[in-house]
Amino acid sequence: MPNESITTWTRQPGKSGSLARLRGSKYPLIDAHLHVVNFIQQTPGGEALIRAMDRANVGRAVIFGLPVAKMWDEHDREPPDYYLANDSRCYYYVGTDVLVAEMVRSLPEESRARLYPLLCGFNPTDCFALRDVQRAYDAYPDVWAGIGEILLRHDDLTALSYGDAPRANHRALWPVFEFATERDLPVLLHQNVTSVSKSDHPVYLYELEEALRDFPRTRFILAHCGISRRVNVPFYHQMVRRLLAQYPDLVVDYSWIIFDEIICPGGVPRDEWLALTEEYSARVCLGSDLVTRFERLGPELQRYDVFLDQLSETARANVCWKTAERVYGKGKGGGTMPISDL
Amino acid sequence: MPPEGFPLTVGGETALIRTAAELVVALDVLQGDCDREALDQLGPRLADILGPPPGLHVVMTALRPDDQLALVEALRDRLAEVVGSARALRDLLASLAEERVESALLAALGGSGLRELIRTPEELAGVLEWVYGSCDGQALEALGAEFLRRLFQTGEELALVLRAMDRGCQAALIEQLGWDLAAGLVRDEKDLGYLARALPADLSRRLLEHYSDDQLAGLIRDERAWEHLRRYLDREELAYLNSRWEAATHAQ
């Protein structure tokens with residue numbers, strides 16, 4: 001998501017630049033976290049996506065829409081283009097899955113095989129949530145590879161969204177998690193580990209752990225390791241390490257500001273994160289977390305090279321594509337392209 | 001445009017640029033050191049790359065003022081087409097922070113470009129709201145008196161535009177229209193109230209003085225009209241208007 005903390009979104013005068021960054025990472029990879037629909041439910045379309053992936057050395061991508069739509073309030077003169085563009089609220093938008101599914105179906109088979117689409121268009125605080133999941137799943141059975149990104153604790157977005165605060169242990173999600181488990185579908189969760197003003201301990205972590213505890217066979221992926229804007233806690237890598245040790249099916253993705261603020265601050269990879277990644281590389285994947293804006297894929301993913309350079313070959317292969325392929329490739333929308341073709 | 005875009009080569013690396021967003025990312029990864037070089041290279045292709053709104057806005061936002069001036073100049077012949085609409089021009093002006101860039105943009109659009117974009121008083125007000133200093137006058141001068149005289153149908157519309165202007169330029173607009181025409185736009189007490197309050201006291205008084213007693217009696221028909229005007233006019237204006245109105249009604 002657009003963020004002032006991401007180095008690729010701000011120029012750094014004095015640092016030398018190069019158009020080579022548009023070609024993306026030097027390592028072929030799967031972008032494991034990419035929104036192909038924005039907060040006003042628009043998409044540049046499948047052709048633009050594939051073209052950008054080709055340019056940015058992205059072999060495959062885990063794609064999804066956005067489960068919330070930003071309102072254009074009657075009193076706002078300008079339409080919003082992002083959920084933080086103004087004070088208007090967001091509401092749950094089932095149609096986002098239709099946009100994604102139709103976009104995928106419009107592509108030729110070889111392009112579709114490069115995408116792992118997830119469905120996310122339901123209200124995670126509504127006990128009817130499963131109804132909408134089931135309908136989207138049944139309407140496009142050839143498309144979906146999993147469920148997500150379910151937006152749960154999300155600081156400002158939670159505050160701006162109508163309804164209850166969504167959280168990982170909300171009982172409305174229990175049937176959805178059961179549905180995913182029965183079909184062996186991965187579930188990508190955005191759950192902040194804490195609130196904006198509680199930076200001394202992770203006040204929302206227990207909510208996540210309750211879901212992990214009660215659904216030990218569900219394949220959860222914790223988006224950007226539970227971080228968000230202005231969200232941070234001490235002992236972050238120890239916390240992630242404990243989660244990975246405690247919950248053997250849990251996977252995390254490195255995307256968005258977890259990389260710039262925690263893993264590789266100032267462009268220097270932290271030793272403890274390199275060690276953690278080496279140890280758990282089979283449960284770590286990489287993503288851009290772009291919200292459309294596909295033209296930014298190259299620099300967004302190239303910025304990971306400084307970290308990837310320092311991993312062993314095995315760990316790098318896991319992080320770059322093997323983990324994502326294993327996690328998302330089992331679903332119905334999974335591709336068939338051999339890894340060697342990436 | 002070639003399907004993959006126009007080539008941009010810097011430091012031995014080439015990127016294909018097809019959209020405004022792609023151009024901005026290319027400028028970003030070059031850390032802002034090569035903005036002018038890129039603009040010069042893409043030169044005549046920039047209008048095709050920027051395309052419809054908000055392409056120009058997106059790129060202008062990424063540039064320093066000197067490079068913004070260079071982009072405006074490079075687009076000069078197709079600037080109105082690239083700006084696209086009065087709404088887009090308003091948004092663009094709102095995002096510009098330097099008067100010299102705003103002035104250059106208006107100059108490059110010229111009278112024909114501005115007239116192509118601006119069709120209604122609301123659109124003119126939107127544009128003038130975001131220009132400051134001499135740019136108000138520059139825009140009105142470029143639009144021309146003939147266009148402005150045709151633009152307004154009511155006092156409310158004229159008031160809308162006047163409120164968006166620097167006070168120092170308001171008299172110039174009314175001079176361009178002519179005081180007779182400006183006064184003639186007032187249809188009733190609502191128009192009169194809006195217009196009087198959009199103007200400073202000296203111009204408001206001058207407007208009121210422009211009406212004959214009979215005209216005033218026609219505009220202010222009853223006590224309800226007076227009630228409305230009391231919300232808008234200050235004490236001196238009301239006293240003046242009242243004396244004129246009484247003179248007119250006694251004569252009848």
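**A walk through a two-chain model**

Hi everyone, let's start where the two chains meet: chain B brings 16 residues to the contact and chain A brings 15 residues. Before going on, please keep in mind that this is a predicted model.

Which elements of chain B make up its side of that contact? Strand 2 (13-17) and helix 1 (20-29) of chain B each give at least two residues to the side touching chain A. The largest share, six residues, belongs to helix 1 of chain B. If you sort the side of chain B that touches chain A by class, you get seven nonpolar, five polar and four charged residues.

While we are at helix 1 of chain B, have a look at the loop that runs between it and helix 2 (35-42) of chain B, where Gln31(B) lies. Gln31(B) is not a glycine, and yet its phi is positive, about 60°. As a reminder, most residues other than glycine have a negative phi.

Now over to chain A. Chain A has 13 helices and 11 strands. Its C-alpha trace spans about 50 × 50 × 45 Å along the principal axes.

Asn57(A) is not a glycine either, and its phi is positive at about 60°. You will find Asn57(A) in the loop between helix 1 (46-55) and strand 2 (58-64) of chain A. Asn57(A) is partly exposed, because 18 other C-beta atoms lie within 10 Å.

Next, peptide bonds. Most peptide bonds are trans. In chain A, though, Gly148(A) and Glu149(A) are joined by a cis peptide bond, with omega about -10°. Glu149(A) sits in strand 6 (residues 146-151) of chain A. Chain B has a cis peptide bond between Pro53(B) and Pro54(B), with omega about 10°. Where is Pro54(B)? Pro54(B) is in the loop between helix 3 (46-50) and helix 4 (55-62) of chain B.

Let's stay in chain B and look at how some helices pack. Two packed helices are described by the angle between their axes and the distance between the axes. Take helix 12 (residues 155-163) and helix 15 (residues 189-198) of chain B: their axes are 8 Å apart, at an angle of about 15°. That angle makes helix 12 of chain B roughly parallel to helix 15 of chain B, since angles under 35 degrees count that way. The crossing of helix 12 and helix 15 of chain B is left-handed. Among the residues making this contact are Leu158(B) and Leu162(B) from helix 12 of chain B, with Leu192(B) and Leu195(B) from helix 15 of chain B. By class, the contact of these helices has seven nonpolar, one polar and four charged residues.

Our other pair is helix 7 (residues 86-95) and helix 9 (residues 121-129) of chain B, whose axes come within 8 Å and cross at roughly 15°. So helix 7 of chain B is roughly parallel to helix 9 of chain B, and the crossing is left-handed. On the helix 7 side of chain B we have Ala86(B), Arg87(B), Leu89(B), Arg90(B) and Leu93(B), and these meet Glu123(B), Gly126(B) and Val127(B) in helix 9 of chain B. By class, that contact has four nonpolar, one polar and three charged residues.

I'd like to finish on one residue of helix 7 of chain B, Leu89(B). Why does Leu89(B) count as buried? Leu89(B) has 27 other C-beta atoms within 10 Å, and the cut-off is 20 or more. Leaving out residues up to four places away in sequence, Leu89(B) touches Val83(B), Leu117(B) and Val127(B). Further along the chain, Glu99(B) is 10 residues from Leu89(B), and their C-alpha atoms are separated by 15 Å.

Technical notes: Residues numbered from 1 in each chain as written. Chains lettered and ligands numbered in written order. Predicted model: local features only at pLDDT ≥ 70, side-chain atom pairs only at ≥ 80, totals over all residues. Helix = DSSP H or I, 4+ residues; strand = E, 2+ residues; numbered from the N terminus. Contact = placed C-beta atoms within 7 Å. Nonpolar A, V, L, I, M, F, W, Y, C, P; charged D, E, K, R; others polar. Axes fitted to C-alpha atoms, helices over the stretch in contact; angles between N-to-C directions. Parallel < 35°, antiparallel > 145°, perpendicular 65-115°, else oblique. Left-handed = near helix turned anticlockwise from the far one by under 90°. Buried ≥ 20, exposed ≤ 12 C-beta atoms within 10 Å, placed from the backbone.
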